[in-house]
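Okay, hi everyone. Let me put the model up on the screen, and then I'll walk you through a few places in it.

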Amino acid sequence: MTTTVRTPPARPGDNVVPLVDAAAARAVVAPLYVERRLATGEPYSEHADGIAAIVRPLRDEPDLIAAGYLFAAHDVLRDADDWIRGRFGGNVAQLVSDLRQLMRLSERTRARGEPQVDAEQQTESLRKMLLAMCNDLRVVLLRLASRLQSLRWFAASKQEGEPGLRERLARETLELYAPLANRLGIWQLKWELEDLAFRFLEPETYKRVARLLDEKRVEREGFIEEAQAELQALLASAGLRGEVNGRPKHIYSIWHKMQLKGLDFDQLFDVRALRVIVDEVAQCYQVLSLVHERFTPIGAEYDDYIAKPKANGYQSLHTVVRDGRGRPLEIQIRTRLMHELAELGLAAHWRYKEGGAPGSKGAAADDERVAWLRQLLAWRDDVSGAAPRGAASGSAAVEDVRIYVLTPQARVVELPAGATPIDFAYHVHTELGHRCRGARVDGAMAPLQTQLRTGQTVEIVAAKTGGPSRDWLNPELGYLASARSRAKVRQWFNALELEQAIGAGRIIVDKELARLGKTATKLEDLARRLGFGSVDELCVAATKEEFSLRSIEHAMVAPEAPAEEPPPVVLQRMRPASEGKSSVLVVGVDSLLTSLARCCRPVPPDDIVGFVTRGKGVSIHRAQCVNAQALALRQPERLIEVTWGRGEGSYPVDVFLVANDRQGLLRDVSEVFAREKLNVIGVNTASNRGQAMMQFTIEVSDAGAVRRALTQVAEVKGVVSARRR
C-alpha cells in the first residue's frame, strides 16, 4: 500500500531560491522513494539514479540532473510543485512537471489495449503531442533516459513486470522513442534503445544476429586492426593529425538493413567499419582523397553529409572501399565537432541556461532554436530521411498551430489551437458532434466553450437524439474554432431546412390536389409533368412559391408529355416591330401588353421568354424559370420570342438572405441598399432560434446592380447567405 508524504515544512529563507544542487535533490528525495516501485517492478531510487547516469554525459547541468532525481516527486509529496519551486527553482519544477506529463501520457496510451486501425498515424500524432507538451525541450532528453533505464533494468533483472508490459514498452520504444532520439541525433541513446527493444520483441532473431557477429568477430577484429594501422600511417605520411578507431556494431541496425535491402549478413558493408576524426572540414576531404588513392572505392556507396547534412543536422563523409583481397570496408570521416554532435545530437548545443533573461539576444536565440526544433520534428518518413514538412528558415513561427488531445481510449486527436469540446466531438464523429451536450476534460465537467490544451483527455456527454444549436455558429459565443466543425453544423441546418421545406411543400401540393379532387394522383407523375426531376424538387419549389399552383391544375388536364426528350420549341422569326413604350419588345408584334412574371422577376440583361396568357397579354419569364420550362413542355405553341428594349426603367427584384440574428441586422442590410442607391419597396423578415430569414424587394436597373448589392450584403456581419430569389 502506498502513502503520500506531507511536504516538509518551510524553513526561514525558503522563499530565496538557492543554486540548484543535484546531489541535494537526490539526498532529499531518496528517503521518500524507499519501498516504492514502478509498474515495471523497478525501485524508484534505482530509476532516478539511472536517469541521472544516462543524462550526465549528454548534458551535465545541475537543474537537469536534479529533475531526473525528482522524477516521481509528485507521487510522494503533496503540493510537490510548490515545494520543488521553492527549493530548486521554477526551471526544475517545470522540467519535473513536464516529465510527469509525458510519463502519464505513455501510461494512458499503453492502457488503451485495443488494436488501432490507423496505428501509424496515431504514432505520428503521439510524437507531435509529446513535443507540443514540452515547455523545455530538455525534458525530451529526460524522457528518453527514463525509457532507456526501464529497458536496462528489464535486461539486467531478467524480470518482466506486469504481464506483457515489457513487450508493450519495447514496441512503444521502437515506434516512438527511438525515432525521436534519431531525429534529435542522439545516437548514444538511439542505438541502445533499438537494440534492447529488439531483444525483447524478437529474442530469437536478436540472438541469431548476435551469433553471426560473434562467429566473425576474430576475423573481423584482425581485419579492422590491420586497416586501422594502415589508415593511421596514411594520415601520418600526409602530416595530418587524427584519430582512427573502429565503429561499434548495433544488432538492430544490422537486422534492419538486412530486411530493408534484402541482403545476407555476409553482403553487408558496414559490418567492418572505421571512423576517422580530424580537426578541420578541409582535412575530411584530404583524408577521403588519401583513402580513395590507397583503396578501391565503391562509387554507389559514397555519401557527402557534410555538404548536404541530414535533417537532424548529422554531418560526416561516408565511403565504402575494398582492400587488396576485395574485402569491403566502410569508413566515416568527420571533424571532432561533427562527432560530438553525432553522438550527443542536439543535446550538445542546447543552451537554455546560457540563454539569459527574457528579451535578451540569448533568449531570442533559444526561441529560434525551439521553433526550429519543433518544425524539424514535424515527422516525415524516418526511413526516407526526407526533409520535414513545413520546415522554415530563420525564426519564423509555425503558422498552423495545433493541439493534441486524447479520447478516453487514449486515441490522439489533432485539432487547431483554440478548439473546444464540440470541435473535438465533430472530429471524432459527425453524429457525436451533433448530439454533444456536455464534456468532461481530465475527468471534470467543463463548459462547451472551454479551449482545450495539449495533453488533456476529453470525454463527450451526448444525447441519444437531437442536433446542434444555432448558437454554435455565433463566433462571439466561442463554441467552435474549427472551420470543419462550422461546416458540419451548417450542413445539418441546411439539411433540416430542406426537410422542412419538402414537408411544407408536400402539404401545399396535397391541398391543391384535394381541391381539384385528384388525391389519387402520383406525385412522381405530377413532378414529371411540371418538369421537376423529383417529388422533393417539386415540394421545395412549392414552398418557395417558384411556380403558380394553377400549373398543377393545368398539368392535370393537359396530356402527359412523352417520356422522351421533347423537341425544341422553334419560334418563327419575323421582322422586328418598331419599339414601343414598353421596355420589353415582342418580336413581330407592335405595342403588345407585357408584364413581368412575379415568380422569377426578370431584369435586363437576363435571358427571357414570353408566354401568351388569356386576357393579360404576354407574361415575361426568365429563360431558366421552372414555371416557364413547365409551360414550354405543356403548351409550346403559346411561347413567343421577346427581347429587351432600349428604354430605361427600374425593375422589382426579390433578394433573400439568411443570417445569424442580432440587434441592428436589418439596419445594416438596409444601409447597403441605401449606399447602392437602390429603392426598397418591400421587406419581409422572420426569426427562428437565432436565425433570421429576410426577403427584400428592391428596384434595380439591371442584373449587374443586383450582383453588386448581393456582394455587399454578404459582407455584413452575421450574414450566412444572400441570393437573388
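Before we look around, one term: I call a residue buried when its relative accessible area is under 20%, exposed when it is over 50%, and partly exposed in between, using a 1.4 Å probe and protein chains only. Keep in mind that this is a predicted model, where local features need pLDDT of at least 70 and side-chain atom pairs count only at pLDDT 80 or more, while totals for chains, interfaces and linings use all residues. Residues are numbered from 1 along each chain as its sequence is written, and side-chain values use heavy atoms, with hydrogens and water left out.

So, K677. At 75% relative accessibility, K677 counts as exposed. You'll find K677 in the loop between α24 (665-675) and β19 (679-688). Helices here are DSSP runs of H or I with at least four residues, strands are runs of E with at least two, and both are numbered from the N terminus. The phi of K677 is near 60°, which is a positive value in a residue other than glycine.

D442 also has a positive phi without being glycine, near 55°. D442 sits in the loop between β9 (436-441) and β10 (444-446), and with a relative accessible area of 48% it is partly exposed.

Now the whole chain. How many helices and strands does the protein chain have? It comes to 25 helices and 21 strands. Of its 725 residues, 46% count as buried. As for contacts, meaning heavy atoms within 4.5 Å: among those between residues at least 6 apart in sequence, 68% join residues at least 24 apart.

The axes of α24 and helix α25 (residues 703-714) come within 10 Å and cross at roughly 145°. Those axes are lines fitted to C-alpha atoms, for helices over the stretch in contact, and the angles run from 0 to 180 degrees between N-to-C directions. On the α24 side, V669, V672, F673 and R675 meet A709, Q712 and V713 of α25. By class, that contact has five nonpolar residues, one polar and one charged. In that count, Ala, Val, Leu, Ile, Met, Phe, Trp, Tyr, Cys and Pro are nonpolar, Asp, Glu, Lys and Arg are charged, and the others, Gly among them, are polar.

Next, helix α19, residues 483-516. Why do I say its length agrees with what you'd expect? At 1.5 Å a residue, its 34 residues should span 50 Å, and its end C-alpha atoms are 49 Å apart. The expected span is 1.5 Å times one less than the number of residues. At the start of α19, a side-chain oxygen of S482 reaches to within 3.2 Å of the backbone nitrogen of R484. Just after α19, G517 takes a positive phi of about 70°. The buried residues of α19 include V489, F493, I502, V509 and L513, and K488 and E512 are among them too.

For a helix that is mostly covered, look at α3 (residues 62-69): seven of its eight residues are buried. Among them are D63, L64, I65 and Y69.

Over to helix α8 (residues 138-157), where Q149 lies. Buried or exposed? With a relative accessible area of 10%, Q149 is buried. Its side chain is joined to that of E42 by a polar contact of 2.8 Å. A polar contact is a pair of N or O atoms within 3.5 Å; within protein, one must be able to donate a hydrogen and the other to accept it, and residues adjacent in sequence count only if both atoms are side-chain atoms. Not counting residues up to four places away in sequence, Q149 touches E42, E46, H47, G50, I51 and I54.

E162 and A39 are 123 residues apart in sequence but 6.9 Å apart in space, C-alpha to C-alpha.

Last stop, Q456, in the loop between β10 and β11 (458-462). Q456 counts as buried at 8% relative accessibility, and its side chain reaches the backbone nitrogen of R453 at 2.9 Å.
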